[in-house]
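I wanted to look up the pockets in this model. These are my notes.

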Amino acid sequence: MREIPADKIRVAVSNLCAKANFSLRKDVLQQLRLAYKKETNKKAKKFLAAVIANAFVAEKEKIAICQDTGLPIVFLEIGQDVRIVRGDLKQAINKGIEDGYRKAYLRNSIVLDPLARGVSKFGPAIIHLDLVKGKKIKITIFPKGFGCENKSQLKMFKPTVSIEEIKKFIVEAVRSAGADACPPYIVGVGIGGTADYSGLLAKKALLKPVAGIKIRKLESELLKMINRLNIGPMGLGGKVTCLGVNIETAPTHIAGLPVSVNISCHALRSATTEL
Amino acid sequence: MNIKTPLDAKQIKKLKSGDEVLLSGVIYTARDQAHKRLCEVINSGKKLSFDLKGQVIYYCGPSMAPKGKIIGSCGPTTSRRMDEFSEKLLAKGLKGMIGKGGRSQDVRAAIKKHCAVYFLAYAGCGALLSKYVKKSELIAYKDLGPEAILKLEVKNFPLIVGIDSYGRSIYD
């Protein structure tokens, strides 16, 4: 058994908070640059230039890319040959979030009671634990902004549904987000599993590189359809409504076909480390 | 086009949806909970702690100000969530709103009725926009944390007219 002290996890989480919020993901920045080249709407192009400039200001001056520093979501892959010692794992993660958010001057956007609301805090994070082979711990922090989270959708399709209907549902989810959730978007789609699991898949899909080299056929078809919506950067109209569509699938039941859509704004932020 | 706050009808009438403007002067941050409270004050017949006449509200909850900086990241939040509160504030003299995304038909009609204007700020560009803020002062609802009302002084804050006083929207 390899022993990893809880404190080491706390420090790692803290550092990831700053990294995720100050440094825009390279794959996203790359797609933004391509979008800038592609876009022909003058105002939209000017906006994309501002988005790229914003990423540089954030990185250089250590100031959050977006004021909505999100609801912190933490994905943990723990090797089964690891033992966490000298502390409680979940406590270490949440303390790491608080340290990280405080140190990096990020925003306290979390209310403990969703109905009573009340004073907002830095956490707690939503923590997803996964047990894997090996003796390492992989930590990913994904601060999800809520302007785009509010546009999430779930539909429980019949198993006999046509692929065209599924595509229509996904495209319509983006259409209904319109200009509100900071386009150009990155669209995460989860297909299969259960209602709740498809939502998790859609979120995990956003963690995959955007428009990676091996774009699947369905992903590229959806990307084209969404870009024909003419929502455009900032909703100003134009060629680039979406930077990429990522789909995750999972086995599901013979009686159903859950599909979840999780939209991300152009400021898709996440950071990963391995201990 | 350069404009200065407070806004008057003459300035507002010149603005057309799609115009790019640089705004200077005082603006006030307020988002969900602050709107709810402001409207509760209005409903109860009490006086607001600051005069809305000719003023501009920015739908923004900035991240914390790093040491040595005036303000943290400070981009706009989704305007639609404030739709149900806007008419009340416009009736009290509010002349401008800054946010991101579309508005309801009711808000659009209210903008026209009260000769006001809705601006779009560069969405998701909070770090960049912080450069245009020259002063920041907390003036109400400290307990709301990032949702407290701040009085900001901005210089050449870049905006696009989203809905003009004639009710025309950039998204049409």
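**Pocket notes**

I began with the lining of the second largest pocket: eleven nonpolar, five polar and ten charged residues. I counted Ala, Val, Leu, Ile, Met, Phe, Trp, Tyr, Cys and Pro as nonpolar, Asp, Glu, Lys and Arg as charged, and the others, Gly among them, as polar. The model is predicted: local features need pLDDT of at least 70, side-chain atom pairs count only at pLDDT 80 or more, and totals for chains, interfaces and linings use all residues. Residues are numbered from 1 along each chain as its sequence is written, chains are lettered from A in the order in which they are written, and side-chain values use heavy atoms, without hydrogens and water.

I noted a volume of about 580 Å³ for the second largest pocket. A pocket here is an open set of points on a 1 Å grid over the protein atoms alone, where a 1.4 Å probe fits, with protein on both sides within 12 Å along at least five of seven lines; lining residues have an atom within 4 Å of a point. Volume is the space filled by probe spheres set on the points.

I found 26 lining residues there, with A:Phe75, A:Lys138, A:Thr140, A:Leu207 and A:Thr272 nearest the centre. Where does this pocket lie? Domain 1 (2-24 + 65-144) and domain 2 (147-268) of chain A both give residues to its lining, so the second largest pocket lies between them. The domain bounds come from an automatic or database assignment.

I turned to the largest pocket, about 860 Å³ in volume. Of its 42 lining residues, A:Arg107, A:Ser109, A:Arg117, A:Phe146 and B:Arg31 are closest to the centre. The lining splits into 18 nonpolar, 13 polar and eleven charged residues.
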